[in-house]
Amino acid sequence: MSTQKPKPDPAAVVELDSSDDENPAATPNTTQKVPPQHSPAVGQQTPACRSFWKAGDYVVPKQQFLAQDQLEHARVHPKFLHSNATSHKWAFGAIAELLDNGVDEIQNGATFVSVDKVELKKDNSPALLFRDDGAGMNPEGLRKCMSLGYSTKKSNTTIGQYGNGFKTSTMRLGADAIVFSRATRGSKATQSIGLLSYTFLRRTGQDDVIVPMIDFDISGNWVEPIIYSSLDDWSSNLKTILKWSPFGSKEDLLQQFEDIGAHGTKIIIYNLWLNDEGIYELSFDDDDEDIRLRDETNHGSLTKSKKKTAGLLNHVSYRLRYSLRAYASILYLRKFTNFQVIIRGKPVQQYNIQDDLIHAKVITYRPQLATMSKEVLVETTIGFAKEAPDLPVSGFNVYHKNRLIRPFWKVTADGSSKGNGVIGILEANFIEPAHDKQDFERSSLFIRLETRLKQMVMEYWKGHCHFVGYQPLIPSELKLHREQRAAKSSGGPTRIDVDMSDAQHSPEEVVISDGNTDGMSVEEICEENIQLFLRYEEHVKKEDQLKQTINNLEKELEFAKRKKDQLAAYLEMQRKQKAAEHGSADTKA
């Protein structure tokens with residue numbers, strides 16, 4: 001292995017603007033110098049603020065934007081890295097983006113993507129380690145990865161598409177990330193290192209996103225630096241990486257490639273963000289085989305019976321909020337054959353919730369796309385959770401290109417028992433996900449899908465709720481309740497026991513009070529509101545019909561008036577003509 005001692009020169013680092021297809025960044029610009037002002041003391045490598053949601057709040061130093069003999073260009077300020085990362089409200093959403101990158105490498109022969117916790121030797125702090133054995137990135141590919149908005153993923157099967165996931169996800173999880181990638185393109189084998197460091201950019205007072213990178217040619221028997229402009233520039237990049245990364249020497253950096261193999265990528269995210277209490281957002285101590293969200297573990301109101309509480313706590317719909325292993329188990333719709341997602345050394349057992357549905361059926365939906373578009377057929381599997389009616393879990397798991405976007409999306413109204421226990425699964429490739437891949441764009445197609453899913457739930461509930469112990473409202477009982485409520489003029493509330501002998505749970509007691517809805521059950525109120533709404537719609541329809549009839553009659557009356565005027569004019573003309581004829585005859589006589 002050949003090594004060259006770097007010269008003590010001011011750090012020259014690679015400056016990256018937003019890339020496009022016409023500027024593949026094969027020959028990086030190495031003219032940008034790191035300003036000597038605002039530099040921290042040696043060894044000072046932690047960000048000034050360790051809370052993610054406050055890290056973007058700092059004063060930007062004034063600098064001259066246009067240097068002599070330089071063309072001006074649109075700059076991307078380091079603050080943008082932070083504001084761009086705020087698209088991820090949920091830390092697991094950021095982790096999922098990095099897992100997606102590994103899954104997209106299946107087409108290049110990848111067999112796994114892993115995420116683990118490592119401790120850095122430099123300060124014993126925790127860091128996140130992502131690794132896959134895909135094709136890896138050559139020097140040009142790494143520069144495209146580090147650029148903003150550049151994506152080479154054009155396939156209909158790949159999850160990534162915006163060219164923004166790496167930047168938003170890494171910066172959401174920690175202040176700094178270092179990438180190691182090894183690749184072979186043709187006969188040339190390379191390994192590259194890139195540093196995306198918010199700490200470096202902020203503490204050195206940069207007004208542009210600067211990403212130091214170095215590359216090595218490993219095609220021969222030696223590891224040789226790839227020099228683009230000068231050895232001094234290459235050495236300055238190396239010096240910057242060593243100063244701001246967890247590795248103190250070139251040998252330490254090269255050692256990181258030992259577990260990558262012939263090709264693949266490794267990402268280490270360090271200076272992980274803290275929550276408002278000054279504790280790491282991610283918890284690694286609760287479970288040695290899992291990564292958990294500390295702030296989500298105790299969220300939610302679980303005040304029901306112990307049995308229901310225990311059931312809900314153990315259900316994937318609740319655990320995915322704080323357990324990465326639970327979230328990853330349903331993150332991809334179809335099970336992999338020769339690929340694994342590994343969390344902290346243990347493969348994730350993929351779970352398809354539709355395997356546990358009871359009374360399941362498949363409903364076909366044909367979305368109304370543009371006129372010239374090819375017809376799309378969407379199959380939705382819908383059924384009851386096997387724990388129904390004891391467990392209040394419902395909603396649709398909506399996937400896009402095999403990736404979960406909205407888990408347990410509840411489309412029915414809150415407070416109504418209709419739809420309880422009903423779970424659906426579908427893959428909606430005809431609508432576009434939002435940039436954080438945790439929701440969909442609010443397009444007309446999405447709104448129509450939401451309406452159709454509501455109809456699916458109501459239709460399915462009406463025909464299947466009795467199978468799991470729910471009993472639909474009986475109109476005769478509702479009528480009896482209303483009559484008693486109307487007839488009662490004084491006294492306390494009357495208790496009525498509704499017969500639920502066919503149900504699997506205990507009878508429901510309905511208390512009716514006089515003149516108000518305080519004692520009505522939610523189902524009664526909903527049913528009564530529906531009936532009132534239907535009556536209102538009927539009256540509106542009749543009113544519209546009456547208005548139309550009046551308009552028609554007015555038009556007929558107007559027409560009759562015109563005909564009468566025309567007839568009167570005609571008769572007057574005939575009368576005058578006859579009078580003229582008589583006058584002429586009298587004159588001749």
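Colleague: In the hairpin of β14 and β15, which residue takes a positive phi?
Modeller: Lys401, with phi near 50 degrees; the hairpin has 2 residues between the strands. Strands here are DSSP runs of E, at least two residues, and helices are runs of H or I, at least four, numbered from the N terminus. This is a predicted model, where local features need pLDDT of at least 70, side-chain atom pairs count only at pLDDT 80 or more, and totals for chains, interfaces and linings use all residues. Residues are numbered from 1 along each chain as its sequence is written, and side-chain values use heavy atoms, with hydrogens and water left out.

Colleague: How many bridges join β14 to β15?
Modeller: 4, and the strands run antiparallel. His400 stands opposite Arg403 in β15. Pairing requires that DSSP finds at least two bridges between two strands.

Colleague: And in which sense do β14 and β16 pair?
Modeller: Parallel, over 5 bridges. There, Tyr399 is opposite Glu427 of β16.

Colleague: Is β14 (residues 395-400) mostly covered or exposed?
Modeller: Mostly covered, as 6 of its 6 residues are buried. Buried means under 20% relative accessible area, exposed over 50%, partly exposed in between, with a 1.4 Å probe and protein chains only. Gly395, Asn397 and Tyr399 point one way from β14, and Phe396, Val398 and His400 the other.

Colleague: Changing topic, which residues of α1 are buried?
Modeller: Pro78, Leu81, His82, Asn84 and Ala85. Down the axis of α1 they fall within an arc of 165 degrees, taken from the directions from the helix axis to the C-beta atoms, so they line one face of the helix.
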